[in-house]
Amino acid sequence: MFVMQLTLDERQALMSLLVSIAKADGKLNEMEKEFLKYYAKANSINLNLDEEISIDDACKLIKTQKGKIIALQEIIKIAFADGQYDENEKKGVRIIAQNFGVSESKLQEIEEWVQDGEEWANRGLELIKEN
């Protein structure tokens with residue numbers, strides 16, 4: 001939704017960060033792979049699951065505060081893709097937030113924003129579910 005407000009270079013850096021976070025729990029499951037493939041295609045981003053770019057280098061490519069907040073929101077969203085936001089993923093998100101200079105309180109707001117969105121989407125799925 002917001003990702004298209006990023007430049008192509010910022011979107012590419014975001015893709016590298018998304019892959020890093022998806023791998024943070026030590027595995028990249030099929031649901032996460034499919035999400036990454038879909039996400040890359042939907043946002044006109046090249047996806048290379050084997051490419052390794054440092055978190056520091058990727059973070060440097062996202063310069064605006066708006067871009068940093070959008071990137072963190074998207075990263076947290078992929079962390080939820082497998083239904084969990086585990087401690088390794090949270091640790092990775094916090095490292096990225098620190099690289100961006102985003103405060104812990106702002107990060108908590110972003111996490112709540114994503115969680116609210118996930119809950120909203122799940123409620124909608126329940127409402128339209130056929131019995």
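Me: Which residues of α1 are buried?

Reply: The buried residues of α1 are E10, R11, A13, L14, M15, S16, L17, L18, V19, I21 and A22. Buried means under 20% relative accessible area, exposed means over 50%, and partly exposed lies in between (1.4 Å probe, protein chains only). The model is predicted: local features need pLDDT of at least 70, side-chain atom pairs count only at pLDDT 80 or more, and totals for chains, interfaces and linings use all residues. Residues are numbered from 1 along each chain as its sequence is written, and side-chain values use heavy atoms, with hydrogens and water left out.

Me: What makes α1 count as mostly covered?

Reply: Eleven of the 15 residues of α1 are buried, and the helix is therefore described as mostly covered. These buried residues pack against α2 (30-42), α3 (55-60), α4 and α5, where contact means heavy atoms within 4.5 Å. Helices are DSSP runs (H or I, at least four residues), numbered from the N terminus.

Me: How do you know that the span of α1 is close to the expected one?

Reply: The expected span is 1.5 Å times one less than the number of residues. Helix α1 (residues 8-22) reaches 21 Å from its first C-alpha to its last, close to the 21 Å expected.

Me: Why is the pair E74 and K77 called a salt bridge?

Reply: A salt bridge is a side-chain nitrogen of Lys or Arg within 4 Å of a carboxyl oxygen of Asp or Glu. For E74 and K77 the N to O distance is 3.3 Å, so the pair qualifies. Both residues lie in helix α4, three residues apart, about one turn of the helix. An α-helix has 3.6 residues a turn, so residues three or four places apart point the same way.

Me: What makes E87 and K90 a salt bridge?

Reply: Their closest N and O atoms are 3.7 Å apart, which is within 4 Å, so the pair meets the definition. E87 is exposed because its relative accessible area of 57% is over 50%.

Terms used. Helices (H or I, at least four residues) and strands (E, at least two) are DSSP runs, numbered from the N terminus.
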